[in-house]
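Here are some notes for a colleague who has not seen this structure before. Please read them with the model open.

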Amino acid sequence: MTRVHDMGGRFGDGPVDTAPEPVFKEDWHARALAVTLAAGALGQWSLDTSRHARERLSPADYARFSYFEKWISALADLLEETGVVTRAELASGRADRPSPLAGRALKADKVAGVLAKGGPADRPVNAAPRFQPGDTVRTRRPARNSFVDGGHTRLPAYAAGAVGRVLSCHGAHVLPDANAHGLGEAPEPLYTIVFDAAELWGAPERAGDEVTCDLWESYLRPA
Amino acid sequence: MPHDHHDHAHAILPPDPALRVKAIETILTQKGLIDPAALDEIIDTYENRIGPKNGALVVARAWSDPGFRRALLEDATSVVAELGFYGRQGEHITAVENTPGQHNMVVCTLCSCYPWPLLGIPPGWYKSDAYRARAVREPRKVLAEFGVTLPEGTKVRVWDSTAEMRYLVIPMRPEGTEGLSEDALAQWVTRDSMVGTGLPRPPA
């Protein structure tokens with residue numbers, strides 16, 4: 001296993017609660033989302049870094065925190081680690097001094113533009129992709145970050161070491177394994193790989209069912 | 001960037017999550033890093049403006065216009081961007097079409113990736129451990145919990161959103177919708193049918 005967030009294929013979680021609910025079940029859920037997005041707009045960390053901040057909550061915290069508790073707790077950790085706020089400020093609940101980053105604060109009249117602009121992950125790269133649609137590939141095993149022990153990766157453990165087929169190539173995308181750790185964007189070709197459910201689970205629910213993952217070239221070898 | 005340490009800053013904050021959010025919001029506002037009016041604007045955007053009606057319009061048009069459908073399946077990102085559906089968590093879109101032979105279903109086992117510009121903020125079940133853990137291994141049992149049973153001859157393909165590609169399921173157009181306008185068709189398209197955990201149904 002990589003980390004606690006990597007739960008695809010796990011048994012024991014019980015039925016899915018499909019009851020309808022409002023967009024934000026609690027007011028603080030909406031605040032948590034908005035504060036996280038506004039803090040992200042300060043530009044002190046990447047999306048990949050913020051995903052990893054949630055993943056490296058302790059397994060006990062990850063399991064007991066609700067969804068937006070994970071967001072807000074990981075945000076507190078990131079704010080402190082990047083020096084945007086101090087531990088003393090978190091402890092007192094009050095700012096000790098204005099921030100030198102204040103000029104970057106997201107203003108209300110800029111929100112629509114920032115949300116609409118997004119942050120595309122594709123990058124121009126001249127090198128040709130190593131694999132073509134239809135090629136057979138095997139994924140890295142075990143699933144791991146090859147730069148940092150316990151680091152961020154997007155190869156789920158359930159798909160590690162599995163043989164699949166290239167469905168499509170999406171051009172080069174930022175490599176989360178590098179970018180999450182401040183090691184640069186290191187763009188690589190990104191592929192959709194389709195796996196037979198029997199390859200992943202041994203005994204699938206029904207023969208012929210499939211699972212796809214979007215995987216970077218360095219996760220893959222010819223098979 | 002610090003990586004693993006065992007005195008996480010979040011543990012300093014109040015344990016109640018609503019107070020925890022409030023504390024961070026207060027500190028950041030006092031430091032000049034957050035404009036409370038911008039927070040209200042973000043919330044209003046996802047509560048009232050960006051939601052599944054965007055995706056429903058795309059599906060209804062794909063059902064009505066064969067040229068649009070072909071273009072959508074070829075390059076959904078640019079086709080939906082032309083309709084104004086582009087932005088955060090929707091920078092790269094793939095549309096996947098249900099057929100009698102294949103039912104498509106979307107999950108993000110590692111977090112909760114979801115096509116925000118087309119469907120809005122993901123619902124609680126999409127973010128739940130139960131859905132994330134089980135959708136890839138036992139999609140048919142999960143579908144049954146949503147009241148969906150597929151014909152035996154229909155293969156399930158589950159799309160695990162492990163990168164920045166976001167998936168929109170184009171459900172099959174239901175019988176009995178012949179001659180309906182795009183607007184009327186859009187009323188049949190539920191959020192869940194565009195994630196692959198539901199089927200289109202007549203408007204209530």
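In what sense do β3(A) and β4(A) pair, and over how many bridges? Point 2 takes this up.

1. Basis. This is a predicted model, in which local features need pLDDT of at least 70 and side-chain atom pairs count only at pLDDT 80 or more, while totals for chains, interfaces and linings use all residues. Residues are numbered from 1 along each chain as its sequence is written, and chains are lettered from A and ligands numbered from 1 in the order in which they are written.

2. Strands of chain A. β3(A) and β4(A) are antiparallel and share six bridges. Strands (E, at least two residues) and helices (H or I, at least four) are DSSP runs, numbered from the N terminus; two strands pair if DSSP finds at least two bridges between them. A:Cys169 has A:Tyr191 in β4(A) as its bridge partner.

3. Cover of β4(A). This strand spans residues 188–196, and seven of its nine residues are buried. Buried means that 20 or more other C-beta atoms, placed from the backbone, lie within 10 Å of the residue's own.

4. Strand pairing across the chains. β5(A) is joined to β3(B), residues 155–160, by four bridges, and these two strands run parallel. A:Val211 is opposite B:Val158 of β3(B).

5. The interface as a whole. In chain A, 86 residues are in contact with 75 residues of chain B, contact being C-beta atoms, placed from the backbone, within 7 Å. Elements of chain A that each supply at least two residues to this side include α4 (67–81), β3 (163–173) and β5 (210–216). The largest share, ten residues, is from α4(A).

6. An α-helix has 3.6 residues a turn, so residues three or four places apart point the same way.

7. Domains of chain B. Chain B is divided into domain 1 (14–48) and domain 2 (50–195), with bounds from an automatic or database domain assignment. Their C-alpha centres lie 31 Å apart.

Methods. Contact = placed C-beta atoms within 7 Å. Buried ≥ 20, exposed ≤ 12 C-beta atoms within 10 Å, placed from the backbone.
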